[in-house]
Amino acid sequence: MNRRERIPNLGGSKVLVLHREHASIEGLIRQLGAIGLDVAQAWPDLPASAAGADFLFFDVDHGFDEQFPWQPGEAPMPLVALIGSEAPGRIEWALSRQVDAQIVKPVGNAGVYSALLIARRAFDERRRLGREVASLRERVAERQTVVRAVVALAGAAAGSGAGIGDEKAYAQLRQLAMSWQVTMEEAARRVVELKNREASDERPRRA
């Protein structure tokens with residue numbers, strides 16, 4: 001049986017609403033305050049304090065890319081889109097910002113709390129997946145470096161007339177790692193860098 005994740009306590013969280021003063025978001029401001037959140041409002045520019053916000057609500061109808069100092073998908077907090085117009089261009093722009101939740105304007109007396117929870121969960125999950133992808137890419141790159149080092153060691157031995165197979169080259173790399181007291185991946189990086197420098201030095205220089 002899967003363990004249910006607990007609903008986070010949002011009390012005291014800082015929320016920035018990037019929207020001009022308008023009756024359509026009075027319900028939003030009221031609900032955020034009732035939940036116990038610290039609410040600030042700005043338009044059209046994000047204030048310096050935005051970096052410390054726990055949530056950002058922003059106007060899709062009049063929003064634009066230059067309002068955000070980060071690239072799409074790299075926001076440091078969960079994003080909640082405030083949507084009034086269902087024009088395809090505006091919806092497409094909201095999707096391009098990789099929002100975590102949305103609320104339709106005018107904001108009524110319900111929906112804000114659930115949007116906060118959904119945005120928080122989606123944001124955390126996206127961050128977790130991002131870390132996993134970065135870790136997998138790093139592992140793939142490290143394995144490729146080990147392969148390159150093994151090939152380089154085998155090729156160097158063949159060039160000296162003492163040809164060795166990949167298994168012996170791998171064992172040699174392992175011995176180098178032990179003698180240098182580093183990981184296999186670090187030893188592989190050193191070997192590849194050394195071979196690259198040697199290859200660069202052997203290239204004929206232009207007169």
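Modeller: This is a predicted model. I will start with α4, where the face turned away from the buried side carries the exposed residues Glu167, Lys168, Met178 and Ser179.

Biologist: What makes those four residues exposed?

Modeller: Exposed requires over 50% relative accessible area. Glu167, Lys168, Met178 and Ser179 are classed as exposed, so each of them passes that cut-off.

Biologist: Which residues of α4 are buried?

Modeller: Ala169, Leu173 and Ala177 are buried in α4. They cover an arc of only 85° around the axis, so they lie on the same side of α4. In an α-helix there are 3.6 residues a turn, so residues three or four places apart point the same way.

Biologist: How do you know that the length of α4 agrees with what a helix should span?

Modeller: Helix α4 has 15 residues (166-180), which at 1.5 Å a residue should span 21 Å; the end C-alpha atoms are 21 Å apart, so the two agree. Just after α4, Gln181 takes a positive phi of about 60°.

Biologist: Why is β1 called largely enclosed?

Modeller: Strand β1 covers residues 14-18, and four of the five are buried, so the rest of the structure largely encloses this strand.

Biologist: What makes β1 and β2 a pair?

Modeller: Pairing needs at least two bridges. Five bridges join β1 to β2 (residues 38-42), and the two strands run parallel, so they count as paired. Leu18 has Ala42 as its bridge partner in β2.

Biologist: What makes β1 and β3 a pair?

Modeller: Four bridges link β1 to β3 (residues 55-59), in the parallel sense. In β3, Leu18 has Phe58 as its bridge partner.

Biologist: Which elements make the β-α-β unit, and what is its hand?

Modeller: The unit consists of β1, helix α1 (residues 26-35) and β2, and it is right-handed. With the strands pointing away from the viewer, the path from the first strand over the helix to the second must therefore run clockwise.

Biologist: Which residues have the most contacts inside the largest nonpolar core?

Modeller: That core has 19 residues, and those with the most contacts inside it are Val17, Leu28, Leu32, Phe57, Ile103 and Leu116. At least two core residues come from each of β1, α1, β3, β4 (79-83), β5 (101-104) and α3 (112-159). The largest share, five residues, is from α3.

Biologist: What is Leu116 in contact with, beyond its neighbours within four places in sequence?

Modeller: Leu116 is in contact with Leu10, Leu32, Ile35, Leu37, Phe55 and Phe57.

Conventions:
Residues numbered from 1 in each chain as written. Predicted model: local features only at pLDDT ≥ 70, side-chain atom pairs only at ≥ 80, totals over all residues. Heavy atoms only, no water. Buried < 20%, exposed > 50% of the residue type's maximum accessible area, 1.4 Å probe, protein only. Core = buried A, V, L, I, M, F, W, Y, C linked by side-chain atoms within 4.5 Å. Contact = heavy atoms within 4.5 Å. Expected span 1.5 Å × (residues − 1). Arc of directions from axis to C-beta.
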